[in-house]
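Work through the exercises below with the model open. Try each task before you read its solution.

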Amino acid sequence: PGDLLPDCEFTDENGDAVRLSDFRGKVLAFTFFYSRCPLPDYCVRMSRNFSETRRLLLAMTNAPANWQLLSISFDPGFDAPKMLSSYADFYRGADTNRWLFAVASTNTLSGLAPRLDLMIVHDGDSIMSHNLRTVVLDPQGRISRQLDGNQWTPQQLADAILQAARGQTNSAP
């Protein structure tokens, strides 16, 4: 917490470049996934949790409006924009409000993963194993909270986003 992440670039579901700095002034919650993940308690769970977190935040009439969700694929060989768009539609529907899907290049991942203790084990073109990281950045781009694993709830993530948007220090869930 408190660390500023490097300004990484990703390719979004529309094929456009997007950078972490594009979200300055907003709380950015991001998680990692890959669309071919076969484990229901990993990437699928992260996408469902983001969907529910977004629903919770959008339903709050008094919630700050300066927040954004970003789901980042670490499978650049497979999760091209067309695949990301299809995957996004499944979890988010046609409403793209405050939730963007993107893919990180191998170079971006090599710089970002060690800073977040994100582990991805490849076997050729396949991903054999990975851990889970969900990060909340404050409006200045500093880490406000890192949620490791898959035991956090959508309400805990929504609370972390709200705290960061209000300039409050987060405590562990």
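**Exercise 1. Find the salt-bridge partner of D138, and place D138 in the fold.**

Solution. The side chains of D138 and R142 meet in a salt bridge, 2.8 Å from N to O. The criterion is a side-chain nitrogen of Lys or Arg within 4 Å of a carboxyl oxygen of Asp or Glu. This is a predicted model: local features need pLDDT of at least 70, side-chain atom pairs count only at pLDDT 80 or more, and totals for chains, interfaces and linings use all residues. Residues are numbered from 1 along each chain as its sequence is written, and side-chain values use heavy atoms, with hydrogens and water left out.

Next, locate D138. It sits in the loop between β8 and β9. Strands here are DSSP runs of E, at least two residues; helices are runs of H or I, at least four; both are numbered from the N terminus.

D138 is buried, with a relative accessible area of 10%, while R142 is partly exposed at 35%. Buried means under 20%, exposed over 50%, partly exposed in between (1.4 Å probe, protein chains only).

Last, list the contacts (heavy atoms within 4.5 Å). Leaving out residues up to four places away in sequence, D138 touches K26, V27, S144 and A164.

**Exercise 2. Decide whether C37 and C43 are in a disulfide or in none.**

Solution. Apply the cut-off: a disulfide is a pair of cysteine sulfur atoms within 2.5 Å. The count by this rule is zero. C37 is in no disulfide; its nearest cysteine sulfur, that of C43, is 3.5 Å away. C43 is in none either, with the sulfur of C37 as its nearest. Check burial too. C37 is buried at 9% relative accessible area, and C43 is buried at 0%.
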